[in-house]
Amino acid sequence: MKRLAALSLVASILSLAPAALAQTTGWSAYGGDTANTRYSPLARIGTTNVAQLRVAWVLSLGSLRSQESTPLVVGDTLYVTSSHGPKHVFALDARTGVVRWRYSPEVPAGIEQFTCCDVHNRGVSYANGKVFVGRLDGHLVALDAKTGKEAWKAQVVDYTQGSVLNSPPTIAKNLVVTGFAGGEFGARGYLVAYDQDSGKEAWRTWTVPGPGEPGNDSWKGDSWKLGGATVWGIGSYDPKLNLIYYGTSNPSPWGGIARGPDSSQYGPFTNLYSSTTLALDADTGRIVWHYQSTPHDAWDYDGVNELVLADLPVGGQTTPVALKADRNGFFYVIHRQTGKLLSAKPFVPINWAKDVDMATGRPVEVPEKRPKLNYRATDVCPHLLGGKNWQPMSFDPQTGLVYIPSLNLCMDMSGSEPQYQRGKFYLKFDAAPKAGPGGHQSEFMAWDPVKGQKVWGNPDDLVWPGGALSTAGGLVFHGDIRGWFKALDARTGKMLWEFNTGSGISAAPITYELDGKQYVAVVSGRTFTIPLFLGAIGKQMVDATPEGGSLFVFELPTK
């Protein structure tokens with residue numbers, strides 16, 4: 001009976017995250033696998049020996065400011081990017097850090113003015129001997145993985161309208177799929193797929209419907225032309241369903257008066273497909289289903305946060321789901337084949353909405369918490385940075401828990417009616433931040449997606465925690481704004497080890513194994529632009545650590 005129980009447990013774990021468990025030594029995708037679980041089955045580093053971790057080697061990334069790259073490891077080569085363009089793409093010996101090649105593209109001077117939220121780059125994607133990287137100048141580039149030479153380059157978007165590429169594209173069969181930023185500049189969003197070999201465009205899907213397309217009537221007048229709903233985050237891919245999953249940004253401008261009635265009674269003016277989760281056919285780009293988490297958004301509650309794919313017990317039946325910790329403060333569980341909403345629970349303090357109507361899928365708003373033209377909503381929770389920002393979470397099939405770098409900020413915010421100028425912010429920023437309930441500004445937490453409740457949490461009096469990595473060694477790794485890189489017990493949240501990297505960490509770590517040795521790697525380099533939006537809280541962030549730019553790789557001592 002014990003043997004049967006053990007086999008049943010193994011089968012259960014395999015069903016929860018098959019793609020993650022196929023990842024045995026390297027880290028070949030941004031999220032560790034196409035499901036974005038950020039879970040590794042490696043266990044040589046565990047709860048009993050993690051305190052012995054030491055630095056194996058360090059690489060200077062050659063730039064300061066806002067380092068957000070997740071390294072990839074394919075074979076024995078590690079690929080990592082710097083900020084500012086990226087200024088560099090490095091290919092390194094994953095054992096020693098010795099540089100094998102470096103790609104350093106020329107990026108136009110003054111490009112910072114066309115970026116909303118800094119000059120970061122979140123890394124590369126890999127497929128079939130090529131490394132793919134998005135650039136701030138609006139290009140997607142394919143590099144030969146062995147030499148770093150350009151294989152092809154495609155212009156995705158004109159960056160001078162305020163649209164840049166800062167996240168790695170999604171790999172699906174023979175295609176590479178990307179979006180771009182620009183929701184604060186009045187860009188109209190789309191996703192575009194390219195053939196991996198030739199760079200030829202395969203399909204393009206607009207995320208703001210034009211005339212004659214379903215959803216165009218959800219926009220007032222011609223507001224769709226500057227509607228935002230850009231796709232600047234990370235995609236997921238389910239090869240069995242052949243579906244790509246992405247979240248979209250806020251509608252543009254932030255003020256709702258340009259796009260509809262500027263009211264909680266927005267009627268048909270939901271502004272599709274802004275602040276929405278999309279499932280697209282990977283071959284054609286056709287939208288198979290959508291779920292809009294914040295209709296007629298007036299808070300800048302982007303829906304761009306990553307979708308983590310898992311198979312979970314829902315109503316006594318194993319169900320394919322997509323998990324999302326949304327910026328609006330709700331944790332969503334969605335049937336990833338049909339788009340049916342299965343659960344929506346607050347994971348941070350929320351008061352802009354009472355709950356989510358499970359019949360309609362729409363939030364039940366608190367009207368006085370909606371910013372409007374000539375009306376200032378006070379003490380709105382969460383802040384526009386969200387209950388969680390871009391920093392990725394991790395799902396551990398051993399514990400069944402999701403590990404979330406959550407934020408705990410609130411705000412006072414007014415609506416506005418800005419005038420559009422190409423290449424300039426299409427918004428009037430008027431949001432005063434403050435710490436949320438309890439006084440702490442963030443909390444790294446473990447969340448049970450089935451029960452819809454927090455299991456444990458580690459509050460922090462400063463904001464901007466780093467992304468998460470969970471492992472079969474019973475560990476969760478993450479960094480913080482002070483530069484501390486931490487290893488926690490995955491079941492209790494107890495800190496087992498920490499190391500200070502000298503600059504803030506927002507990027508998510510990875511782990512890989514070569515020659516029987518397990519390594520853990522993380523990029524360090526404090527955010528620069530985000531503090532500018534946060535007043536006194538931003539000054540605390542700047543005072544916590546200087547800017548930086550390094551890749552740290554850790555190992556256990558050799559016996």
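**View 1. Surroundings of Leu323 in the predicted model.** Leaving aside neighbours within four places in sequence, Leu323 is in contact (heavy atoms within 4.5 Å) with Glu306, Leu307, Val308, Leu312, Phe331, Tyr332, Val333, Met393, Phe395, Val402 and Pro449. Leu323 is also one of four residues, with Phe331, Ile404 and Trp464, that touch the most other members of the largest nonpolar core, which has 67 residues. Such a core is a set of buried Ala, Val, Leu, Ile, Met, Phe, Trp, Tyr and Cys residues joined through side-chain atoms within 4.5 Å, where buried means under 20% relative accessible area, exposed over 50% and partly exposed in between, with a 1.4 Å probe and protein chains only. Strand S21 (residues 330–335) gives the most to this core, namely five residues; strands are DSSP runs of E of at least two residues and helices are runs of H or I of at least four, both numbered from the N terminus. A second, separate core holds 47 residues, among them Tyr79, Val133, Phe552 and Phe554.

Residues are numbered from 1 along each chain as its sequence is written. This is a predicted model, in which local features need pLDDT of at least 70 and side-chain atom pairs count only at pLDDT 80 or more, whereas totals for chains, interfaces and linings use all residues, and side-chain values use heavy atoms, with hydrogens and water left out.

**View 2. Thr178 in strand S12.** Thr178 lies in strand S12, which covers residues 175–178, and is buried, with a relative accessible area of 3%. Beyond its neighbours within four places in sequence, Thr178 is in contact with Leu140, Val156, Leu165, Pro169, Tyr190, Leu191, Val192, Tyr194 and Tyr246.

View 3. Gln337 is found in the loop between S21 and strand S22 (341–346), where it counts as partly exposed at 45% relative accessibility. When residues up to four places away in sequence are not counted, Gln337 touches Leu241 and Trp289. The C-alpha atoms of Gln337 and Trp289 are separated by 8.5 Å, although these residues are 48 residues apart along the chain.

View 4. Most residues other than glycine have a negative phi, and most peptide bonds are trans. The peptide bond from Ser252 to Pro253 is cis, with omega near -5°, and Pro253 is found in the loop between strand S16 (243–247) and strand S17 (276–281). A cis peptide bond also joins Leu272 and Tyr273, with omega about -5°, and Tyr273 is likewise found in the loop between S16 and S17.

View 5. The secondary structure of the chain comes to three helices and 38 strands. The C-alpha atoms fill a box of roughly 70 × 55 × 50 Å, taken along the principal axes, and buried residues make up 65% of the 559 residues in the chain. Of the contacts in the chain with a separation of 6 or more, 61% are accounted for by residues 24 or more positions apart.
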